[in-house]
Amino acid sequence: MLNQDKNPRFTVIIPAKDRAEYLHHTLRTCSLQDYDNLEIIVSDDGSTDNTREVVEEAARKDQRVRYVSPGVGVGMLDNFEFALDQVKPGFVIALGGDDGLLPYGISDMRDILQNTGQELLAWPTPAFFYAKTKMETGQLILHAKRGRFQSGQRIIQSQEFLEKQANNLSYVSDIESPMFYVKGVTSTKLVEKVRSRSADGRFYVCATPDGFSGIVLAGEVNTYAFSEKPFSIHGVSPTSAGVGYLSNDDKAKKQSEDFFRKASLKPMHAELAAQPYSPLITLMTADYLLTARDLPGWPGRFSPIDYRYLLLNSLAELGDGLFAEDRVARELIILQRIAEHHNLCEFFRQKVKSRRRNLRKTLEGNAISPNRIYINGSQFGIHNVFDAGYVAHYMHQIAPKLNISTFWNMLTNSLGYRLRSLSMGARFPAESEWLK
């Protein structure tokens, strides 16, 4: 349980590499925080752009900002681990070099953690796609249930979350995932618990650092807090490794190669045939679950993974039209080897033959779905995560309070004001009085 320190230390770690253009706006969102007991650590993996200058300029304006570096070219995973090594006891959240915090985010996190007594907190994170990432215009995506923004808090049972992950294999779409990369915050005590279970004392023991943290930390607690109101924003820029991997553009692919090569050095779990890293959400979720399960003494529990479902879900991902042609072939080979490992070769071959890829493309412009609202950033002057963070914050502040009663009060107040302005009051004073 959380101690009752009224102002515990919070640390934001930002592992970065060659994202100075976007990191500038990320740091702006951090420096606007109204919380004093805060440190913002940028860990630079040997950037060749002006990342260091951007951070040092931010540090001159805000003494809470600090620049560190693990050296040159250690890779994303080791850079995350190095950044985590710099964190002092308290609470920690990780951001990418194009993500951001919402206004008052740290203070709001503190309030909920203290009110609930939890050591782990998650929230549904809005996303901002920079222009020319997946479309020409920028786009802000907000979570909204049936078109309405939600408010309030609740306590999540960790066992139920882990079971849901084992059944659905989709950590990205689960807004309750308590990963402390962008969409959650954790106590450093929980981080140290996880580290104590790994052979080399590392926290990150999977190929990628984001979703693993949500799985492994959930297993360390019985319950954690969830807020319907977000405190951070996920940014997606042309420098994002995942975007580059999916793209058909040669330049984008090249930008993602360093990340992809280093991630592939750490094979997936043996139950996934020890295959090299795959960006399929289904396989990553399974890898996180299996890796966490095997940590000595890890208390998390979930049902065995259904590998027929895993193969079907992976094929559905590959068929959604977003993967480049050469990437599809690579992922099919990985899935084939997993099928072989579980004696499901014939099942897999038949499913591949019967499947058809759809032509789904990125949803552009303004739109609404059952759980999301899409806003054309360029149309509304939202150009970066700093802008998007303000929009997301105030929409969540205002929209839940707008209901029929609110509009009725607005209408009656306006009509009353208009009627009062038309009513005849006292006459002006007589000339003899104001000409004295």
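This is a predicted model: local features need pLDDT of at least 70, side-chain atom pairs count only at pLDDT 80 or more; totals for chains, interfaces and linings use all residues.
Q: Where does I40 lie, and which residues is I40 in contact with, leaving aside its neighbours within four places in sequence?
A: I40 belongs to strand 2, which spans residues 38-44. With neighbours within four places in sequence left aside, the contacts of I40 are V12, I14, L27, C30, S31, D62, R64, V65 and R66. One of these, C30, is 10 residues from I40 in sequence, and the two lie 7.3 Å apart in space, C-alpha to C-alpha.

Q: How is the packing of two helices described, and at what angle do helix 7 and helix 10 pack?
A: Two packed helices are described by the angle between their axes together with the distance between those axes. Helix 7 (residues 210-218) packs with helix 10 (residues 281-293) at an angle of about 45°, and their axes are 9 Å apart. That angle makes helix 7 oblique to helix 10, and the crossing of the two is right-handed.

Q: Which residues of helix 7 and helix 10 meet?
A: From helix 7, D210, G211, F212, I215 and V216 meet Y288, L289, T291 and A292 of helix 10. By class, this contact has 6 nonpolar, 2 polar and 1 charged residues.

Q: Which residues of helix 5 are buried, and what covers them?
A: In helix 5 (residues 158-168), the residues S158, F161, L162, Q165 and A166 are buried. They cover an arc of only 135° around the axis, so they sit on the same side of helix 5. Their cover includes strand 9, helix 7, strand 11 and helix 10.

How values were computed
Residues are numbered from 1 along each chain as its sequence is written. Side-chain values use heavy atoms; hydrogens and water are left out. Axes are lines fitted to C-alpha atoms, for helices over the stretch in contact, and angles run from 0 to 180 degrees between N-to-C directions. Angles under 35 degrees count as roughly parallel, over 145 as roughly antiparallel, 65 to 115 as roughly perpendicular and the rest as oblique. A crossing is left-handed if the near helix is turned anticlockwise from the far one by less than a right angle, and right-handed if clockwise. Contact means heavy atoms within 4.5 Å. Ala, Val, Leu, Ile, Met, Phe, Trp, Tyr, Cys and Pro count as nonpolar, Asp, Glu, Lys and Arg as charged, and the others, Gly among them, as polar. Buried means under 20% relative accessible area, exposed over 50%, partly exposed in between (1.4 Å probe, protein chains only). The arc is that of the directions from the helix axis to the C-beta atoms.
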